[in-house]
There are 2 protein chains.
Amino acid sequence: MATTSERVRDPERSRTAILDAAERLFAVQGYDATSLNQVGAAAGVSRGTPGYFFGSKLELYQTVLDRSFAEVREAVRKGRARALASNEDSETILAGAVSDYFDFLAARPNFVRLIEREALSGSRLPEGASLSAGQEALAAISAELGLDDAPSGEAAQLLLSIISLCWFPLIHARTVAPAVGVELENGSLMEQRKRHVVALVLHGLRGSSALTTTSTEPSSHD
Amino acid sequence: MATTSERVRDPERSRTAILDAAERLFAVQGYDATSLNQVGAAAGVSRGTPGYFFGSKLELYQTVLDRSFAEVREAVRKGRARALASNEDSETILAGAVSDYFDFLAARPNFVRLIEREALSGSRLPEGASLSAGQEALAAISAELGLDDAPSGEAAQLLLSIISLCWFPLIHARTVAPAVGVELENGSLMEQRKRHVVALVLHGLRGSSALTTTSTEPSSHD
DNA sequence: AGTAACTTGCTGATCAGCAAGCAAGCTGCA
DNA sequence: TGCAGCTTGCTTGCTGATCAGCAAGTTACT
């Protein structure tokens with residue numbers, strides 16, 4: 001109180017504020033379109049402070065990415081643990097997992113946009129962080145489908161389809177979706193979309209070789 | 001001497017060369033990261049020529065987009081006409097359409113990237129061009145499923161799922177796909193992905209209400 | 001000779017990174 | 001206890017580079 005000068009020094013708070021601001025700005029505007037000036041202003045510090053804490057714009061960006069991946073990785077781990085501890089049947093677990101993943105992405109537009117921009121920039125994802133999350137998810141779904149090794153890659157293909165279906169409407173809610181007659185701009189319409197995705201995955205699963213090994217030719221297993 | 005022919009003047013050729021170069025550069029690098037200098041160089045003209053023909057960078061970009069949409073619209077129209085003229089059953093037509101759409105997108109990475117960047121920029125698509133292509137595709141699939149009016153939006157939801165599944169692997173072949181154990185970097189791996197997508201859509205269709213609840217049983221259902 | 005098809009010079013704006021500066025607190029020593 | 005001197009947190013001035021758009025110039029074709 002007596003020491004309430006204009007600025008309270010708190011490097012941890014500054015660091016976090018800068019990371020939060022940078023994550024949002026990089027996600028919304030992209031890397032190039034975001035200036036350190038903007039990041040500083042949004043974080044309530046000066047133009048030079050992001051550089052002071054993170055060295056360079058690029059290092060700041062990489063720190064943002066790392067933090068996001070860590071969060072995703074943690075979420076996948078927890079989701080898997082919950083599924084393992086559950087007593088539901090495979091279909092119910094899978095339906096719940098798809099629904100949860102849909103909601104997870106919907107709640108993290110910054111993450112989705114950052115990855116999307118990474119993809120457009122042509123770069124690969126940092127192998128450690130992304131692979132560990134992806135492989136954990138793959139292990140979970142493989143186990144659930146009883147395809148632990150899955151040399152055919154069926155589980156991986158299905159997982160990629162689930163991600164595709166959950167991911168796309170978030171990115172293209174204002175572009176492709178309305179063009180084909182699907183409105184997604186409010187929550188209940190997005191819920192409807194989610195139900196369709198869950199149903200499609202379940203129906204696809206029932207008819208696929210993953211559980212029945214009968215539908216498609218087991219052509220070149222050797 | 002008389003015609004040193006170092007430069008042949010040909011405005012039509014220059015225009016097209018500039019549009020081609022701009023389409024590629026905008027798709028690969030994005031709007032902001034692409035300078036008119038680069039466009040001119042890639043098109044074999046000087047730094048000022050793109051501005052001379054198109055007025056401004058923004059007008060050049062919009063012309064690029066318009067040209068791309070026109071091509072897509074035409075492709076959808078032809079695909080629909082072909083499907084209408086065919087005598088195959090619904091499932092076969094749908095499987096072929098999904099496969100063709102997958103290949104169509106794979107052959108047009110510039111288009112996919114341009115739309116993706118539009119989505120990330122937050123802008124909507126030009127209503128005329130995108131709606132006409134999307135609604136035409138929707139009409140085609142609705143007719144095929146016997147859901148001409150489809151107040152439930154089932155056909156639109158399915159169409160959006162098809163687009164999601166075909167679109168996503170093209171964008172995320174180097175990001176999400178390898179993270180979950182799906183490699184897509186060569187043609188045969190992409191073919192495998194396509195087969196999975198077609199199978200998933202067909203299985204999902206068989207189990208969905210689209211064919212089983214609303215209309216009379218189609219003749220093909222086993 | 002006239003006009004369309006280009007090119008080149010210029011201007012003001014923006015940005016990242018560096019370096020210098022300033023201020024807030026801490027540490028050690030009297 | 002007090003204060004000098006140092007470290008850390010943070011700001012501001014500067015520099016070289018890039019870019020879009022415009023104006024003025026130049027070349028080719030009719």
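## Around DNA strand C

Helices are DSSP runs (H or I, at least four residues), numbered from the N terminus. By class, the surface near DNA strand C has five nonpolar, eleven polar and five charged residues. Ala, Val, Leu, Ile, Met, Phe, Trp, Tyr, Cys and Pro count as nonpolar; Asp, Glu, Lys and Arg count as charged; the others, Gly among them, are polar.

## Where the chains meet

Chain A gives 49 residues to the contact, and chain B gives 48. Two residues are in contact if their C-beta atoms, placed from the backbone, lie within 7 Å. On the side of chain A, α6 (109–121), α7 (127–145), α8 (154–171), α9 (176–179) and α10 (187–207) give two or more residues each. α8(A) gives the most, with eleven residues. This side divides into 24 nonpolar, 16 polar and nine charged residues.

## Symmetry

A rotation of 180 degrees, with 0.0 Å of shift along its axis, superposes chain A on chain B (RMSD 0.1 Å). That is the relation of a two-fold axis. In chain A, the C-alpha of Gly204(A) is nearest the axis, 2.3 Å from it. The same surface serves both copies: 98% of the contact residues of chain A recur in chain B.

## Basis

Residues are numbered from 1 along each chain as its sequence is written, while chains are lettered from A and ligands numbered from 1 in the order in which they are written. In this predicted model, local features need pLDDT of at least 70 and side-chain atom pairs count only at pLDDT 80 or more, while totals for chains, interfaces and linings use all residues.

Conventions: Copies are superposed by least squares on the C-alpha atoms of residues with pLDDT of at least 70 in both.
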